[in-house]
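Opened the notebook on a new model today.

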Amino acid sequence: MPRYLSHPKNLEGYKSLFETLYPPLCLFANKYLNDMDTSKDIVQEVFIKIWEKQPVFTNPNTTKAYFYTTVKNHCLNYLKSKHYKTIANAAPLEIELQQSEDYFFAELVSAEINAQLYKAIDTLPKKAAKVISLSLNNYTTNEIAEELNITPSTVRTQKSLAYQKLKGLLAPIKYFLSFL
């Protein structure tokens, strides 16, 4: 987690906060919008608005909650907007479901787990990280081998080693999920 700041006008602290929260917030927004470009726009807009408001952040957990809640609200406002309804003909029932606390909580957990997964993948050796990333993007063993110019057996070996390391790195998440 980045060093939290008492004031968002602390540029370095806010930049660190952005770099940490931006990717999972985009994934989170995308769960509501199903449009990654719009999700990125909304998350950037939230960061700009919070920068302009200058709230005081003192606790990492409340800061994350504030950002997630603000992104959720911006996504819901977008879904309720006349512009979106005209383009997508959003069903009122779908928007009502997305406004529920259960949906918010489920998507928050999903975004945080994805963020932890990709953070763990970044700790792997480069080749293993690339193999796992491609695998998560539904590439077959042969497609990964072709993409990385390695043999399929090397892909299987890299996957096996990476999965072993990821199991250890992601064990705390497993216990967290069983608690939920």
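This is a predicted model: local features need pLDDT of at least 70, side-chain atom pairs count only at pLDDT 80 or more; totals for chains, interfaces and linings use all residues.

**Cysteines.** How many disulfides are there? I get 0 disulfides. Looked at cysteine 26: the closest cysteine sulfur, in cysteine 75, is 9.6 Å away, too far for a bond, since a disulfide needs the two sulfurs within 2.5 Å. Cysteine 75 is in no disulfide, its nearest cysteine sulfur being that of cysteine 26. Then I checked burial. Cysteine 26 is buried, with 4% relative accessibility, and cysteine 75 is buried too, with 0%.

**Ring pairs.** I count 8 aromatic pairs in the structure. I looked up two of them.

Phenylalanine 18 with phenylalanine 47: this pair is edge-to-face, with centres 4.8 Å apart and 75° between the planes. What does the pair tie together? Phenylalanine 18 sits in helix α1 (residues 11-33) and phenylalanine 47 in helix α2 (residues 36-53), so the pair links parts 29 residues apart in sequence. Buried or exposed? Phenylalanine 18 is partly exposed, at 29% relative accessible area, whereas phenylalanine 47 is buried at 3%.

Phenylalanine 47 with phenylalanine 67: this one is tilted, 4.7 Å centre to centre and 35° between the planes. Phenylalanine 67 belongs to helix α3 (residues 60-80) and phenylalanine 47 to helix α2, so here the parts tied together are 20 residues apart in sequence.

**Cluster.** Which residues do the ring pairs link? I find Tyr14, Phe18, Tyr22, Phe47, Trp51, Tyr66 and Phe67 joined into a cluster.

How values were computed. Residues are numbered from 1 along each chain as its sequence is written. Side-chain values use heavy atoms; hydrogens and water are left out. Buried means under 20% relative accessible area, exposed over 50%, partly exposed in between (1.4 Å probe, protein chains only). Rings of Phe, Tyr and Trp (its six-membered ring) pair if their centres lie within 6.5 Å; planes under 30 degrees apart count as stacked, over 60 as edge-to-face and the rest as tilted. Helices (H or I, at least four residues) and strands (E, at least two) are DSSP runs, numbered from the N terminus.
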